[in-house]
Amino acid sequence: MYTLGEFIIENREKFFYSTEALLRLFSSIKLAAKAINKEVNKAGLTEEIIGSSGFTNIQGETQQKLDQFAHKAFIESFKSRNVVCGIASEESKDFIIIEKEKENLFQNKYIVLIDPLDGSSNIDVNIPIGTIFSVYIRRNTSIQMDLTIEDFLQKGNKQILAGYIIYGSSTILVFTTGNGVHGFTLDPSLGTFYLSHPNLHFPKGEKIYSINEGNYAIFPDGIKNFIKYCQEKKENRPYTARYIGSLVGDFHRNMIQGGIYIYPKTVYFPCGKLRLLYECNPMAFLTEQAGGKASDGKKRILDIQPMNLHQRTPFICGPMKMVSKLEEFIRNYD
Ligand code: P6P
């Protein structure tokens, strides 16, 4: 069985950028993922790590203690590997500059945008949660220049690496560099990630629709009519409704079993709830690489020009036919 490192070396010619840099990036991601996995798996046992921290993050959301732990774990692990020059995190208002080590100036030209622990409100009820990450080459690669916000506000179609770690019945790291989607499962007894899901792809049949139907009354008409379409007994329908309130968990199941995930604009979230840079762009890159489609209902997610670090967007991702059908409903009814 391939380990993640062996897989990267074996497929190095498919990765346009430096193999060493990719190995360093993954070394940081794996280290932090293992530390988080350890805390998530004992969250029920240790009072000091579950529950809210009493603080709210920049989004005004109650910050769970594990959110803070995850944020710090990734910052520290990226700092120690001399490969990343800047990080934007859901848990931090502004981007964080990683000082360059003199002897490794050539390495520090990668930018990471991350949601350290998405779905963390599910921690206390033992529902799968996840880390979502997105990596770019800094825009102005003359490394003497200081980082600017423009290095972070790049379109999703410029990503060189994107993925997530799902902390569920097992811990799986799923990523793409633009050559397919591959999943690696952690063997906690060895602390090693092994290739378990090569070339992940949406299956032919569509089975699932995932949306918070509790918001039905405040959805636009196009969304309401699509939900009714999913529930009709016709052709290959009704579809099964599955929604666990954790993007990584819903996405992972839908990519494997065949389903659409929808978080549309609502009265409470007129621009959508999910964040473009560190939730939707990486999930959209994975979606397209797995043979699916990701849009805001009208426009390809990866083509959206970001205007600020924490901007939100309506988000639809899944099998091409299902997403196109929903876009048709939005055109016809909204
Ligand atoms: P709602 C978690 O807070 C999250 O960002 C995603 O992981 C999840 O899919 C969504 O929000 C759930 O939001 O409004 O349905 O509870």
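Q: How far is the side chain of D118 from an oxygen atom of the ligand?
A: In this predicted model, an N or O atom in the D118 side chain lies 2.5 Å from an oxygen atom of the ligand.

Q: And what about N212?
A: A polar atom of the N212 side chain is 2.9 Å from a ligand oxygen atom.

Q: Which part of L247 comes in, backbone or side chain?
A: The backbone: one of its N or O atoms is 2.7 Å from an oxygen atom of the ligand.

Q: Which residues are around the ligand?
A: They are D118, G119, N212, Y243, G245, S246, L247, Y261, Y263, K273 and L274.

Q: Turning to the helices, how do helix 5 and helix 6 pack?
A: Helix 5 (residues 247–257) and helix 6 (residues 276–289) meet at an angle of about 10 degrees, and their axes are 12 Å apart. The two helices are therefore roughly parallel to each other.

Q: Which residues make that contact?
A: Helix 5 contributes L247, V248 and F251, while helix 6 contributes E279, M283, L286 and T287. By class, five of these residues are nonpolar, one is polar and one is charged.

Q: Now the sheet: what is the strand order?
A: Five strands form an open, mixed sheet in the order 12-11-13-15-14. Strand 12 (240–241) and strand 14 (292–295) are the edge strands, each pairing on one side only.

Q: How many bridges join strand 14 to strand 15?
A: Four bridges join them, and the two strands run antiparallel. A294 stands opposite C317 of strand 15.

Q: What does helix 7 touch on the sheet?
A: Helix 7 (residues 320–333) touches strand 11, strand 13, strand 14 and strand 15, and its direction makes about 140 degrees with that of strand 15.

How values were computed. Residues numbered from 1 in each chain as written. Predicted model: local features only at pLDDT ≥ 70, side-chain atom pairs only at ≥ 80, totals over all residues. Heavy atoms only, no water. Pairing = 2+ DSSP bridges. Contact = heavy atoms within 4.5 Å. Axes fitted to C-alpha atoms, helices over the stretch in contact; angles between N-to-C directions. Parallel < 35°, antiparallel > 145°, perpendicular 65-115°, else oblique. Nonpolar A, V, L, I, M, F, W, Y, C, P; charged D, E, K, R; others polar. Near = heavy atom within 4 Å. Polar contact = N/O pair within 3.5 Å; in protein donor to acceptor, adjacent residues only side chain to side chain.
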